[in-house]
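Please read the following report alongside the sequence and the coordinates.

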Amino acid sequence: MPDLKQFLAEIEAEVQQQLELLLPPEEGPEARLYAAMRYSALAGGKRLRPALFAATLAAFGQSRTAWMPFAAALEMIHTYSLIHDDLPAMDNDDFRRGRPSCHRAFDEASAILAGDALLTHAFAVMLSVPAEPERLCRAVALVARLAGCGGMVAGQAAELASSPESIDRPRLDEIYRGKTGALLACAVLSAAHLCGAGERELAALELYSYQSGRAFQIIDDVLDVQGDSALLGKNTGSDVKNKTRTYASLLGCYAARAEALLSAEKALQALEIFDTRSDLLRSFPEFFVSRDH
């Protein structure tokens, strides 16, 4: 199996470099907006979505070099979602990645605008990559759908609209499919579209993405109960504070971990149609369920 730790470190460095170049400099009348954008986007993090994007390219035998701006754009969308999640009207979290959340470092209005700007700038960046036009259109259209009301935003809205006592396991899976699985699917499936994947391959990768996302989110639930806030870079216990229904609260941490392992196994089974070039993709589900931050 490939060295996932080394691969993630390479992607983190490449994405950081891309973001430094692609984000507007902190100057002019809009300097505060640009500063807020850079503050959050350049704060580090696991860069899992760009890494999944690059790993999918590798599964199709494609080099990632020319398409790394697309990967960085996916990270912009992820960062926008985190900025808005942390707002008082949403999860009301004061810390992100080991330092004050964007609305704490700046103010709520600047944080909202920084999120808006990162989201829209991401699409301009994606459309600039040198790809076959029809494939690029399919990839960008997929991201627009899954990052918005057909995926991530819809998942967040479903969670907000549901009282904790009304959320059972099927409802929770539906929420997770949107709020977490959709953006992972954006990364994997957009890369597959850029490579000209067929319907069978797309179906397998979609299953892989959503099962991986379920595993990732369930472990996030467990870490919010059992994790170390110093390692996580944010406060623990927010789900309890906000009375958020999770797999950890629904089943307990032990049974929740078992559910995450089951999803990880289903994700791996979905990749059986691919050859050894998908070994990087195969390493992610195990990483998701074994992580401590």
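Cys 149 is exposed, its relative accessible area being 77%, where buried means under 20% relative accessible area, exposed over 50% and partly exposed in between, computed with a 1.4 Å probe on protein chains only. This is a predicted model, in which local features need pLDDT of at least 70 and side-chain atom pairs count only at pLDDT 80 or more, while totals for chains, interfaces and linings use all residues. Residues are numbered from 1 along each chain as its sequence is written, and side-chain values use heavy atoms, with hydrogens and water left out.

A disulfide is taken to be a pair of cysteine sulfur atoms within 2.5 Å, and by this rule the count is 0 disulfides. Cys 137 takes part in no disulfide, since the nearest cysteine sulfur, that of Cys 186, is 16 Å away. For Cys 149 the closest cysteine sulfur also belongs to Cys 186, at 12 Å, which is too far for a bond. Cys 137 is exposed as well, at 51% relative accessibility.

## Helix packing

Helices (H or I, at least four residues) and strands (E, at least two) are DSSP runs numbered from the N terminus. Axes are lines fitted to C-alpha atoms, for helices over the stretch in contact, and angles run from 0 to 180 degrees between N-to-C directions. Helix 9 (residues 169–194) packs against helix 10 (residues 199–226) at an angle of about 130°, and their axes are 7 Å apart. That angle makes helix 9 oblique to helix 10, given that angles under 35 degrees count as roughly parallel, over 145 as roughly antiparallel, 65 to 115 as roughly perpendicular and the rest as oblique. By class, the contact of helix 9 with helix 10 comprises 13 nonpolar, 7 polar and 7 charged residues; here Ala, Val, Leu, Ile, Met, Phe, Trp, Tyr, Cys and Pro count as nonpolar, Asp, Glu, Lys and Arg as charged, and the others, Gly among them, as polar.

In a second pair, the axes of helix 3 and helix 4 come within 8 Å and cross at roughly 150°, which means that helix 3 is roughly antiparallel to helix 4. Helix 3 passes helix 4 in a right-handed crossing, and the crossing of helix 9 with helix 10 is likewise right-handed. A crossing is left-handed if the near helix is turned anticlockwise from the far one by less than a right angle, and right-handed if clockwise.

## Salt bridges between separate elements

A salt bridge is a side-chain nitrogen of Lys or Arg within 4 Å of a carboxyl oxygen of Asp or Glu, and the whole structure holds 18 salt bridges. One of them joins Glu 14 to Arg 64, with the closest N and O atoms 2.7 Å apart. Glu 14 lies in helix 1 (residues 4–22) and Arg 64 in the loop between helix 3 (48–59) and helix 4 (68–85), so the pair ties together parts that are 50 residues apart in sequence. Glu 14 is partly exposed at 24% relative accessibility, and Arg 64 is partly exposed at 22%.

Arg 214 and Glu 259 form another salt bridge, in which the closest N and O atoms are 2.6 Å apart. Because Arg 214 lies in helix 10 and Glu 259 in helix 14 (residues 253–270), this pair ties together parts that are 45 residues apart in sequence. Both Arg 214 and Glu 259 are buried, and the two belong to a network of salt bridges that also links Arg 169 and Asp 173.

Glu 75 and Arg 97 meet through their side chains in a salt bridge of 3.4 Å, N to O. Glu 75 lies in helix 4 and Arg 97 in the loop between strand 1 (95–96) and strand 2 (99–100), so the pair ties together parts that are 22 residues apart in sequence. Glu 75 is buried, with a relative accessible area of 0%, whereas Arg 97 is partly exposed at 21%.

Most residues other than glycine have a negative phi. Arg 97, however, has a positive phi near 55°, and Arg 47, also not a glycine, has a positive phi of about 55°. Arg 47 lies in the loop between helix 2 (31–41) and helix 3, and at 1% relative accessibility Arg 47 counts as buried.
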